[in-house]
Structures are given as C-alpha cells and as structure tokens.
Amino acid sequence: EGARAKALAEAEAVGSKLRAEAAGLTEKAAAMAALDEASRGHEEYRLRLEAEKDVRLAGLDVQRQVAEAQATVLATGLENADINIVGGDSVFFDRLVSSISLGKGVDGFVKHSETAQALAGPWLDGSASFTDDLSRMLGSVSTSDVQNLTVSALLMKLMKQGGDNTGQFKRLLDKAGELGLADTPLAVLNGHTRA
C-alpha cells in the first residue's frame, strides 16, 4: 500500500509537471503567433516603404532626364541664334529661367485650379474656340464704345444682354475687380491709348 501511494504521488507529480509544460507551450505558441503577426506586419510595412522609395526615385530620375532633354533642346536652339545680350550673361540667363518658371507656374496653376479649369475648360480641351467666343461676345460693341469703355463697363453691358454666358461674365467681373483691372480702359489693355 505504501508503494502504491508512492507511485500515485509520483504519477500525480509527473501529471502536474506535464500540465505545467503544456500550459507553458500553449503560452509560448500564442506568443509566437503574435510575434509572427507583428513580424509579418513589419515586413509588409518595410516592403511598402521600399516600393514607395523606388517609385519616388524613378520619378526623380524621369524628371532629371526631362530636364536634361530640355537643356539639350535649349542648347541646340540657342547654339546658332544671333543674340545680343544687354546687361550681361547673367541677366539673360535670369530672364530665360524666369520665363520658363513663369510658364511652368501658369501650367501648374491651370492644372491644379478648379476655378481656372471651370472658366477655361472648354477652351483648354478644344470643345470651344476662344476667338469665336470672344468675337461673338464683342460683336455688338462698336469701336467708339471700346475706346471709352472700361473692363467693368464692358462686362456689365455683356451681362445685361443675358444669355448663357451671364455667369461667366459675372465671374470675370469679380476677377477683374480682384486684380484691380475693373476700371482700366480697354484701349489701354489693347495697347492703343489716345494722346
């Protein structure tokens, strides 16, 4: 009976030990699974960052190639040009760079401005002709009216005629006011001022 009690005690001790090991293994497996999820998430994040870096570097390389091509075209165009530079080489270069920057600025403004796209959209996509629209708008205005007319007066006159373009005329009038051109005579804008 003593041997039996001793064997039972040993069996119970082994069972407790095995249960404790099983619980430990279960906790370890759960920690490993969580670690795997975190490792997987980290690896995916790292791969995304690397792919984004590659895309940006490729974009920079393309911009560099475009700038080199533009410089080559400009150099070729200016190679045989007969240019009288007044004010020195740096002034000419500064003006050239300023002109290019202004052109890019205007392109960027039109591309990213909803207002500019809304106002000039039909003219930019080719569905309307700016010269035809301008001729139609100004067709009812006489030469003497133009000489004495200001920008705001012209736009007000065109707005009073009504029609589909009334909203556009209103927006142009508001923009002319913002730019300080509303009271400018049209003859000045045209370059023909009377002495």
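**Entry 1: Asp174 and Lys170.** I looked up aspartate 174 and found a salt bridge with lysine 170, with the closest N and O atoms 2.9 Å apart. A salt bridge here is a side-chain nitrogen of Lys or Arg within 4 Å of a carboxyl oxygen of Asp or Glu. The model is predicted, so local features need pLDDT of at least 70 and side-chain atom pairs count only at pLDDT 80 or more, while totals for chains, interfaces and linings use all residues. I number residues from 1 along each chain as its sequence is written, and side-chain values use heavy atoms, with hydrogens and water left out.

I placed both residues in helix H7 (residues 166–179), 4 residues apart, or about one helical turn. Helices are DSSP runs (H or I, at least four residues), numbered from the N terminus. Aspartate 174 is partly exposed at 38% relative accessibility, and lysine 170 is partly exposed with a relative accessible area of 38%. Buried means under 20% relative accessible area, exposed over 50%, and partly exposed in between (1.4 Å probe, protein chains only).

**Entry 2: Glu52 and Arg56.** I then checked glutamate 52, which forms a salt bridge with arginine 56 at 3.1 Å between the closest N and O atoms. The two are 4 residues apart in helix H1 (residues 2–79). Glutamate 52 is partly exposed at 40%, whereas arginine 56 is exposed at 56%.

**Entry 3: Asp61 and Arg64.** I found a salt bridge of 2.6 Å, N to O, between arginine 64 and aspartate 61. Both lie in helix H1, 3 residues apart. A network of salt bridges links Asp61, Arg64 and Glu68.

**Entry 4: Count.** I noted 5 salt bridges in the structure.
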